[in-house]
Amino acid sequence: MGMPEETKKTLDETYEMIEMLDIDDFKISVATPFPGTKLFEQCQLDNLFVTTAGEKSLLWRKSDWHQRILNDTSHFFIKPYNMELQELEEYVLKFEILRYQKHLVTLQKGKQTLSVTKSIKDFRQRHPDYPLI
């Protein structure tokens, strides 16, 4: 999620496909442009980074770069050409709700796993006002 060419249409198509599939779980990853990759070069060339040049240069410098990426307060490092970051954040929630719903169906089928149980608990902690479907 969040590739330079990402649009509402591509995210809606992905959502509909996941919704249709009979799966217990799924993960959505955020596009992360690592130095030396074509994605990084594209983001540099087209000025798509949402971090400052100084933050970007420090992002991958230390050996714990992967922890900073996983625990960064912002979900996204780049902004797609035709979407705003707020729109991407709304899709993050939309996909998170779909994942929660898939987990509840999994439990209803009698399949209880630690990852599903933990994911439901985590979702309820982050979204206490969301109805218990």
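**The core and the helices around it**

Biologist: Which residues make up the largest nonpolar core?
Modeller: This is a predicted model. Its largest nonpolar core has 12 residues in all: Met 1, Leu 11, Tyr 15, Ile 18, Phe 26, Phe 76, Met 83, Leu 88, Tyr 91, Val 92, Phe 95 and Leu 98.

Biologist: Which helices each supply at least two residues of this core?
Modeller: Helix 1 and helix 5 do. Helix 5 gives the most, with 5 residues.

Biologist: Where is the second core?
Modeller: A second, separate core has 7 residues. Among them are Ala 31, Phe 40, Cys 43 and Leu 48.

Biologist: What does Leu 98 touch, not counting residues up to four places away in sequence?
Modeller: Leu 98 touches Tyr 15, Ile 18, Glu 19 and Phe 26. Take the pair Leu 98 and Tyr 15: they are 83 residues apart along the chain, and their C-alpha atoms are separated by 8.3 Å.

Biologist: And Val 92? What is that in contact with, leaving aside neighbours within four places in sequence?
Modeller: Val 92 is in contact with Met 1, His 75 and Phe 76.

Biologist: Now the helices. At what angle do helix 1 and helix 5 pack?
Modeller: About 5 degrees, with their axes 11 Å apart. Helix 1 covers residues 8–20, and helix 5 covers residues 85–108. Angles under 35 degrees count as roughly parallel, so helix 1 and helix 5 are roughly parallel to each other.

Biologist: Which residues meet there?
Modeller: From helix 1, Lys 8, Leu 11, Asp 12, Thr 14, Tyr 15, Ile 18 and Glu 19. From helix 5, they meet Glu 87, Leu 88, Tyr 91, Lys 94, Phe 95, Leu 98 and Lys 102. By class, the contact has 7 nonpolar, 1 polar and 6 charged residues.

Biologist: Change of topic. Where in the chain is confidence lowest, and where is it highest?
Modeller: Confidence is lowest in helix 4, residues 65–71, at a mean pLDDT of 47. Helix 1 is highest, at 96. The mean pLDDT of the chain is 83, and 81% of its residues reach 70 or more.

Biologist: Over which residues does pLDDT stay under 50?
Modeller: Residues 67–73. The model has 10 contacts beyond four places in sequence for that stretch. Where pLDDT is low, predicted coordinates should not be read in detail.

Definitions and conventions: Residues numbered from 1 in each chain as written. Predicted model: local features only at pLDDT ≥ 70, side-chain atom pairs only at ≥ 80, totals over all residues. Heavy atoms only, no water. Axes fitted to C-alpha atoms, helices over the stretch in contact; angles between N-to-C directions. Helix = DSSP H or I, 4+ residues; strand = E, 2+ residues; numbered from the N terminus. Parallel < 35°, antiparallel > 145°, perpendicular 65-115°, else oblique. Contact = heavy atoms within 4.5 Å. Nonpolar A, V, L, I, M, F, W, Y, C, P; charged D, E, K, R; others polar. pLDDT = per-residue confidence, 0-100. Core = buried A, V, L, I, M, F, W, Y, C linked by side-chain atoms within 4.5 Å. Buried < 20%, exposed > 50% of the residue type's maximum accessible area, 1.4 Å probe, protein only.
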